[in-house]
Amino acid sequence: MERPPVIHKDAGSQRLLPNWTEYDEERRRFSWGKARLALQGLPGGGLNIGFEAVDRHAGGVLRYQTALRFVRRDAPALELTYADLARQTNRFANVLQSLGVGKGDRLFLLAGRIPELYVALLGALKNGTVVTPLFSAFGPEPIATRIQLGSGQVLVTTDALYQRKVRQMRAQMPSLRHVLLVAEDGGVTDEPDTLDLATLMAAASDNFTTVETSEDDPALLHFTSGTTGTPKGALHVHGAAVAHEATARYALDLHRHDRYWCTADPGWVTGTSYGIIAPLLQGVTSLVDCEEFDAERWYTLLAQEHVTVWYTAPTAIRMLMKGGPEPVRHHRYPCLRFVASVGEPLNPEAVWWGQEVLGLPIHDNWWQTETGGIMIANTPAFDIKPGSMGRPLPGIDAYIVEHLEAEGEAPRVRVIDTPDVEGELALKRGWPSMFRGYLNNEARYAKCFAGDLYLTGDLARRDADGYFWFVGRADDVIKSAGHLIGPFEVESALMEHPAVAEAGVIGKPDPMVGEVVKAFVSLKSGFEPSETLRLDISAHARRRLGAAVAPKEIAFLAVLPRTRSGKIMRRLLKARELGLPEGDTSTLESGA
Ligand code: ATP
Ligand code: MG
């Protein structure tokens, strides 16, 4: 089927007027100072994420609105209103105070998507305590390493996770003063050297005055996904709330009475920034699915929970696409209004899938753990060019730059003004959710900046209309016979083949041309690997990309190695291909 080059901005749902429709006008009007006025601030003039997300609403008209709705497979849904959340987070902050844990101390969270995790995160923020959520599927070693690196003083986890993953490592975490356990059976835990959280909560007062924090006080420490190497700890401040509030309005089109579902786990920055904080700042009802991915369950939830705004990831969308269009068409989604995706480049096929089966295009957006919030996005204010990550949000200035420094020197860059030239994506510093440091690694932090530009490590190009197109991570770009080849372009072309579910592309060293393009593909259900199919995919790629860019080798894999947050780990494909050490695999999805 012939598809037009753009999806018109009005092609989606017309159910509600979008938050904005005029891109240039809004960018002109915008300033971060004005965006700050959407928040209340603390009585002493400071700013605190927990207060803004919870107490601001609990003291107003949204008091009885459901803030969080937890859905579980074998139990009824559990809801917390903004008032409930205010009381519970106050209790948790009082628990921390009673343990002598205060402002600037570090708390780690290790749990599935249970209410206690949300309460602890927000309560700790109100107490000025710096929070690090960890992914609950991490093994003992990555957990201990991160707690040790971050000098964690408090850990909140469940009794089962503690017994399986933490107890045996406790001696390696000398900074850890308190372990607070949630009993998974709802009872009381009596594990030595730990405290029972429910008992402490029951004894705590539900009145608490938020600790005075400033916009520059640390709030969260997030570890990156580990896609390109050892995960880095990125430090974020309370002022980030200003960016979370604004970007949720612009890039997710959140309106006050939305029923919003972010599918990311709070163990990753998306699951915290846009799974907990941003939706609460907007006063919406957030759906939390306590279960793991299951296509049929997801379609049912979207329909039955009347989800209006859905924020998910390319891997999830590709997994849904893999199942074909039938399951999605078993349901109707009359409430769904806006769909967005982040984490990896979103192949044009996936954008079109949304348009064709949901009647809504998928809005790709780009950001990183380091940027703390969405920076470049497809929004309701302009047409979508499928395959592009959109345009910079108000308050964000993005550039394509070229490096000028010699090997080993501090970065020096030149901005490339000409459209359609590939270079590193850079952002002008000054947005409030920008990270303020890498944990214990000042040199690495310093290397991220050239003057007032933050260098993202991603390669992209900007077209004449100001849309940005992701090319690849600087580490993943393939240099072949004088060409620079972005893996994303090759992967997207491969995915257009009817048999291909997912593709990961690497450069394989070659004495003649530097590197040759090698593709690893997994197949959609109903297709089996065969020589005929390999030749067919190869011919398709050559037709689409030309012989210089099309993969020279194609291998079939049942699953591609990816991080637990769903990103294809090309560095692992490469290490395995070349028989090299795999490096840090702490975030690798098991079985991949
Ligand atoms: P590490 O830095 O440890 O290697 P990571 O970069 O994957 O891991 P994150 O901060 O979670 O860790 O991911 C941010 C990166 O994900 C971006 O720099 C970019 O490479 C990729 N990314 C995120 N969203 C998009 C998108 N919409 N299009 C293309 N790439 C994206
Ligand atoms: Mg990164």
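This is a predicted model: local features need pLDDT of at least 70, side-chain atom pairs count only at pLDDT 80 or more; totals for chains, interfaces and linings use all residues.
For a view of the surroundings of F92, its neighbours within four places in sequence can be set aside; F92 is then in contact with L107, V119, A120, G123, A124, V156, L180, L197 and M201.

Helix α11 comes next. It covers residues 295–304, and its buried residues are R297, W298, Y299, L301, L302 and A303. In general, an α-helix has 3.6 residues a turn, so residues three or four places apart point the same way. At the start of α11, D294 has a side-chain oxygen that comes within 3.1 Å of the backbone nitrogen of E296. After the helix comes H306, with a positive phi near 55 degrees.

Attention now turns to charge. Side chains of opposite charge can pair when their charged atoms come close. In this model the count of salt bridges comes to 42. One of them joins the side chains of K103 and D217, with an N to O distance of 3.1 Å. K103 sits in the loop between α4 (82–98) and β3 (106–110), while D217 sits in the loop between α8 (197–203) and β8 (218–223), so this pair ties together parts that are 114 residues apart in sequence. The two partners can also be described by their accessibility: K103 is partly exposed, with a relative accessible area of 46%, whereas D217, at 19%, counts as buried because the cut-off for that label is under 20%.

Another salt bridge is formed by E502 and R562, whose closest N and O atoms are 2.4 Å apart. E502 belongs to strand β25 (residues 500–510) and R562 to the loop between β27 (553–556) and α18 (570–578), so parts of the chain that are 60 residues apart in sequence are tied together by this pair. Both E502 and R562 are buried.

The side chains of E577 and K518 meet in a salt bridge of 3.1 Å, N to O. E577 lies in helix α18 and K518 in strand β26 (residues 514–523), and the pair links distant parts of the chain, 59 residues apart. E577 is partly exposed, with a relative accessible area of 25%, but K518 is buried at 9%. Salt bridges can also join up into a network, as they do for E25, E26, R28 and R29.

Finally, where does D55 lie? D55 is found in helix α3, residues 49–58, and is buried, with a relative accessible area of 17%. Its side chain is joined to that of K126 by a polar contact of 2.8 Å. With neighbours within four places in sequence left aside, the residues in contact with D55 are G50, A86, N90, K126 and T210.

Conventions
Residues are numbered from 1 along each chain as its sequence is written. Chains are lettered from A and ligands numbered from 1 in the order in which they are written. Side-chain values use heavy atoms; hydrogens and water are left out. Contact means heavy atoms within 4.5 Å. Buried means under 20% relative accessible area, exposed over 50%, partly exposed in between (1.4 Å probe, protein chains only). Helices (H or I, at least four residues) and strands (E, at least two) are DSSP runs, numbered from the N terminus. A polar contact is a pair of N or O atoms within 3.5 Å; within protein, one must be able to donate a hydrogen and the other to accept it, and residues adjacent in sequence count only if both atoms are side-chain atoms. A salt bridge is a side-chain nitrogen of Lys or Arg within 4 Å of a carboxyl oxygen of Asp or Glu.
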